[in-house]
Amino acid sequence: MNEQELLDLQKMVEIAVNALEDVKAKDISVLETQEKTSLFARMIVATGDSTRQVKALANNVAVDLKEAGFEILSQEGDTGEWTLVDAGDLVVHIMLPAVRDYYDIDTLWGGKKPAFEAGMQKPWHAAD
């Protein structure tokens, strides 16, 4: 990537994170993926508390990126359990807590699972 592409990517990530924070997403993780795949350079994973919030988070990310001049290639996941926004070099996954725990894509792509405070029980549990 050249310098301009890196600046655009950084701006794209900032816009997406701000859009997620505006709708109160939880456990936002930004993962660098350019060493693992040539399909995209960054991945954001976030959690929503309900299917309605997951849909609202994805919509807010897509709208804010479009308003900033970035192209949204695809948006997948109408049920609201897991929604993906594909913006080319940036892919955003927004999931319900149980779905995020079960698929654990944070760890798969080199990140870490969301941490819990000492003594707190996880608010969800993946199927055994």
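Modeller: Here are the core and the ring pairs, taken in turn.

Modeller: This is a predicted model, where local features need pLDDT of at least 70, side-chain atom pairs count only at pLDDT 80 or more, and totals for chains, interfaces and linings use all residues. Residues are numbered from 1 along each chain as its sequence is written, and side-chain values use heavy atoms, with hydrogens and water left out.

Biologist: Where is valine 13 placed?

Modeller: Valine 13 sits in helix α1, residues 3–22. Helices (H or I, at least four residues) and strands (E, at least two) are DSSP runs, numbered from the N terminus.

Biologist: Is valine 13 buried or exposed?

Modeller: Valine 13 is buried, at a relative accessible area of 13%. Buried means under 20% relative accessible area, exposed over 50%, and partly exposed in between (1.4 Å probe, protein chains only).

Biologist: What is valine 13 in contact with, neighbours within four places in sequence aside?

Modeller: Val30, Arg42, Ile44 and Leu90. Contact means heavy atoms within 4.5 Å.

Biologist: Which residues touch the most other members of the largest nonpolar core?

Modeller: Leu20, Ile44, Val61, Leu65, Leu90 and Val92, in a core of 34 residues. Such a core is a set of buried Ala, Val, Leu, Ile, Met, Phe, Trp, Tyr and Cys residues joined through side-chain atoms within 4.5 Å.

Biologist: Which elements give two or more residues to this core?

Modeller: α1, β2 (42–47), α2 (51–67) and β5 (90–95). The largest share, eight residues, is from α1.

Biologist: New topic. How many aromatic pairs are there in the whole structure?

Modeller: Three. Rings of Phe, Tyr and Trp (its six-membered ring) pair if their centres lie within 6.5 Å; planes under 30 degrees apart count as stacked, over 60 as edge-to-face and the rest as tilted. One of them, phenylalanine 40 with tryptophan 109, is tilted, at 5.4 Å centre to centre and 50° between the planes. Phenylalanine 40 is in the loop between β1 (26–32) and β2, and tryptophan 109 follows α4 (105–108), 69 residues apart.

Biologist: Is phenylalanine 40 buried or exposed?

Modeller: Buried, at 12% relative accessibility. Tryptophan 109 is partly exposed at 21%.

Biologist: What about tryptophan 82 and tyrosine 103?

Modeller: Also a tilted pair, with 5.1 Å between centres and 50° between planes. Tryptophan 82 is in strand β4 (residues 82–86) and tyrosine 103 in helix α3 (residues 97–103), so the pair ties together parts 21 residues apart in sequence.
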